[in-house]
Amino acid sequence: MTTLPLIALTGNPNAGKSALFNALTGARQKTGNYPGVTVERHIGRMMLPDGRPAELVDLPGTYSLEPNSPDEKVTRDVIMGVQAGERRPDALIIVVDAGNLENHLRFASELIAQGIPAMIALNMVDIAERDGLTLDPARLSSDLGVPVIPTVAVRKRGVVPLKDEILGLLGKVAAPPKPLVGDFSERQRRARALAKAAILKETPARATSKRIDQIVLHPVFGPIILAALLFVMFQAVFAWATPFADAIDGGVTMIRNTVATTLPAGIIRSFIADGLIAGVGAVIVFLPQILILFAFILVLEMTGYMVRAAFLMDRLMAGVGLSGRAFIPLLSSFACAVPGIMATRTIEDPKDRLTTILIAPLMTCSARLPVYAVIIAAFIPATHVLPGIGLQGLVLFALYLGGIVGALVAALALRRSVTKGKGMGFMMEMPRYQIPMLRNLALGLWQRAWVFLKRAGTIIAVTTMILWALLNFPRTDPASGVSQVDHSIAGHIANGLSVVMAPIGFNRDISLALIPAMAAREVAVSALATTYAIDDQDETKRDQTLGERLKGSWSLPTALAFLAWFVFAPQCISTIAVVRRETNGWKWPLFMVGYLFALAYLAAGATFWLATALGL
Amino acid sequence: MRLDQLPLNQPATITHIDWDGFESGAAQRLRMLGFDEGIAVEALHRGGLIAHDPIACRIGRMTIAIRRIHASLIDVATR
């Protein structure tokens with residue numbers, strides 16, 4: 001087999017690289033990691049005009065080739081041909097924001113000097129034109145000595161001439177790299193001169209974004225808008241998902257009943273219906289909610305609002321010793337702490353970064369949603385506090401808020417103890433506002449849904465199956481009247497554990513659910529579903545939902561303590577693994593797990609005692 | 001005048017940057033974001049009611065947010 005030509009996309013952040021990657025590869029893309037580092041590797045396949053396939057790699061967006069961050073090091077090493085797990089590319093597409101030439105051309109010239117046959121994709125020319133810029137691509141091309149193709153990646157404009165030009169590049173041979181001329185400032189000045197020559201006409205920049213910012217960044221309205229947006233997001237997660245979740249739930253119940261009626265009674269039927277289907281089904285019901293949450297976060301990112309949120313939050317974050325930059329990884333952690341912790345790579349200051357990593361798991365990730373949703377639906381009445389504001393949504397909001405407050409307090413404490421030291425502050429580019437393209441949103445959501453379903457099919461399926469086995473062996477004699485759960489291996493472990501957990505209001509079933517939920521939080525739900533499915537063998541209870549069963553066996557203080565536990569508990573193998581990788585050792589992940597479990601225990605205990613004292 | 005004292009929407013030019021006043025790495029980052037002597041700058045937005053921190057300013061055609069403490073290391077002259 002001959003190896004396919006490898007083409008690399010590079011450029012500054014906010015140049016529209018990912019949009020161009022999507023436009024060139026469509027859905028034929030994969031996301032992985034470079035060996036040994038947590039830099040994501042996006043690779044896709046594209047068709048060249050002559051019918052040959054080629055591989056396209058989307059390198060991390062960086063400002064320079066100086067290896068200051070892991071991202072920059074990977075980009076540099078790939079281009080130098082020394083990155084493990086990647087060949088030296090045969091051609092380079094340098095994506096440049098047409099509206100930002102002065103700044104992007106410095107990096108572009110540094111890239112061209114590396115000797116790989118290169119071209120410039122002069123991206124977002126439509127916005128630049130609307131912004132009052134008239135450019136001369138031919139002049140730019142002759143000044144830089146490489147082809148320049150105007151593109152609008154989000155609208156797939158310019159893709160055909162771009163592909164023709166790639167074909168031309170693949171016919172060329174790489175030249176040896178040239179040393180960079182002059183120091184950084186000199187190169188920057190030369191780039192500004194190049195930009196000036198390529199701009200035919202220019203009017204003052206960016207009226208629209210500035211007008212929006214006058215409202216969005218307003219000292220009074222800005223924070224109100226941010227709070228309102230977050231509130232709507234969390235209300236929507238609950239309200240909009242219900243019909244879809246009900247449909248999935250109906251489907252799962254139907255499959256389970258079909259299996260239960262067709263298979264002969266016995267251990268195999270129990271394994272499939274009560275173990276596998278009940279367990280996995282209990283988790284995939286939450287796919288709609290997770291997708292709605294991700295949709296909100298993706299839209300906020302794609303529009304450019306996320307960076308504004310960082311601006312608004314910087315002052316507050318500075319108060320606890322962090323920067324506004326930490327807000328983006330933390331908000332991403334609402335979807336999942338793993339990409340959130342990986343996003344901390346954009347924080348240059350090592351202590352800022354470590355603090356952000358350590359508090360990221362306190363942000364309520366989507367894996368907690370299944371847990372919260374089941375308990376809230378079962379124990380909190382679906383009444384309205386005010387028109388349009390449901391009590392259930394309010395409780396969910398309070399749980400999210402609890403995580404945020406906990407994180408701020410933890411950051412403050414960490415900054416004064418283990419991560420003491422002066423920070424580098426807050427400096428960041430605020431890109432123009434953009435209307436998100438539905439296609440890119442759909443692609444992003446599809447990738448997230450796929451990851452979630454894969455987890456449901458692997459980690460969650462395996463842990464529920466193990467739990468099922470632990471719950472079913474050794475078998476009891478049905479005539480003896482001893483409950484199967486009490487008699488099982490898992491029951492014995494849980495009985496031991498509940499000695500520690502009883503003071504904070506956790507019963508045996510909860511202790512039992514917490515064991516497999518060490519792998520992933522949402523497993524707690526499937527574990528409870530499996531436990532109750534095995535214990536309740538009579539047919540009428542089989543049709544009850546998990547919520548109804550919980551309501552029958554838990555007190556309200558116990559349910560509230562369970563919720564409080566999950567605000568803090570670091571139960572996620574993937575998060576612990578990513579912290580180990582990002583901090584290069586076991587010291588920080590162990591520290592994190594320790595302090596979070598202590599917090600979880602205290603929070604659950606305090607909630608239980610308070611709720612009991614109040615007579616709830 | 002220093003950048004943190006520059007009134008909003010008042011076009012100005014950077015006359016001097018106290019590069020050595022920045023924490024390690026911060027000066028390099030400021031340069032990458034396009035800050036340099038002789039560059040046109042304009043303060044666009046300020047965060048917070050009381051602290052007026054951070055400041056969003058226009059550098060070339062980009063909008064960059066920086067903190068007041070860093071803006072106070074940048075001298076500007078109004079145009």
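Which residues of the largest nonpolar core touch the most other members?

## Nonpolar cores of chain A

A:Tyr372 and A:Trp565 touch the most other members of the largest nonpolar core, which has 146 residues. A nonpolar core is here a set of buried Ala, Val, Leu, Ile, Met, Phe, Trp, Tyr and Cys residues joined through C-beta atoms within 7 Å. A residue is buried if 20 or more other C-beta atoms lie within 10 Å of its own, exposed if 12 or fewer, and partly exposed in between, with C-beta atoms placed from the backbone. The greatest contribution to this core, eleven residues, comes from helix H12 (residues 287-303) of chain A. A second, separate core holds 58 residues, among them A:Val74, A:Leu111, A:Ile127 and A:Ile166.

Beyond its neighbours within four places in sequence, A:Tyr372 is in contact with A:Leu396, A:Leu399, A:Leu563 and A:Phe566. Contact requires that the C-beta atoms of two residues, placed from the backbone, lie within 7 Å.

## Basis of the model

This is a predicted model, in which local features need pLDDT of at least 70 and side-chain atom pairs count only at pLDDT 80 or more, whereas totals for chains, interfaces and linings use all residues. Residues are numbered from 1 along each chain as its sequence is written, and chains are lettered from A and ligands numbered from 1 in the order in which they are written.

## Overall form of chain A

Chain A contains 28 helices and twelve strands; helices (H or I, at least four residues) and strands (E, at least two) are DSSP runs numbered from the N terminus. Its radius of gyration is 27 Å, close to the 25 Å that the globule rule gives for 616 residues, so chain A is as compact as a globular protein of that length. The radius is taken over C-alpha atoms, and the rule is 2.2 Å times the number of residues to the power 0.38.

The C-alpha trace of chain A spans about 90 × 60 × 45 Å along its principal axes. Of its 616 residues, 48% count as buried. Among contacts in chain A with a separation of 6 or more, 72% are between residues 24 or more positions apart.

## Helix packing in chain A

Seven of the ten residues of helix H16 (residues 350-359) of chain A are buried, so this helix is largely enclosed by the rest of the structure. The buried set consists of A:Asp352, A:Arg353, A:Thr355, A:Thr356, A:Ile357, A:Leu358 and A:Ile359. These residues pack against helices of chain A including H14 (327-332), H18 (391-416) and H28 (587-613).

Helix H5 (residues 137-144) and helix H7 (residues 184-198) of chain A have axes that come within 8 Å and cross at roughly 145°. A:Arg139, A:Leu140 and A:Asp143 of H5(A) make this contact with A:Leu194, A:Ala197 and A:Ala198 of H7(A). Four of the contact residues are nonpolar, none polar and two charged. Axes are lines fitted to C-alpha atoms, for helices over the stretch in contact, and angles run from 0 to 180 degrees between N-to-C directions.

## Contact between chains A and B

In total, 30 residues of chain A are in contact with 29 residues of chain B. Elements of chain A that each supply at least two residues to its side of this contact include helix H3 (101-112), H7, helix H13 (305-319) and strand E12 (427-430). That side has 13 nonpolar, eight polar and nine charged residues. Ala, Val, Leu, Ile, Met, Phe, Trp, Tyr, Cys and Pro count as nonpolar, Asp, Glu, Lys and Arg as charged, and the others, Gly among them, as polar.

E12(A) runs antiparallel to strand E4 (residues 62-66) of chain B, joined by four bridges. A:Met428 stands opposite B:Ala65 in E4(B). H13(A) lies across E12 of chain A together with E3 and E4 of chain B, at about 145° to E12(A).

An open sheet of six strands has the order E12(A)-E4(B)-E3(B)-E2(B)-E1(B)-E5(B), with antiparallel pairing; two strands pair if DSSP finds at least two bridges between them. E12 of chain A and strand E5 (74-78) of chain B stand at the edges, each with a single partner strand, so one side of each is left without a neighbour in the sheet. The twist averages 40° from one strand to the next.

Five of the five residues of strand E3 (residues 55-59) of chain B are buried, so E3(B) is largely enclosed by the rest of the structure. B:Ile55, B:Cys57 and B:Ile59 point one way from E3(B), and B:Ala56 and B:Arg58 the other way. E3(B) and E4(B) form a hairpin with two residues between them, and B:Gly60 in the turn has a positive phi of about 60°.
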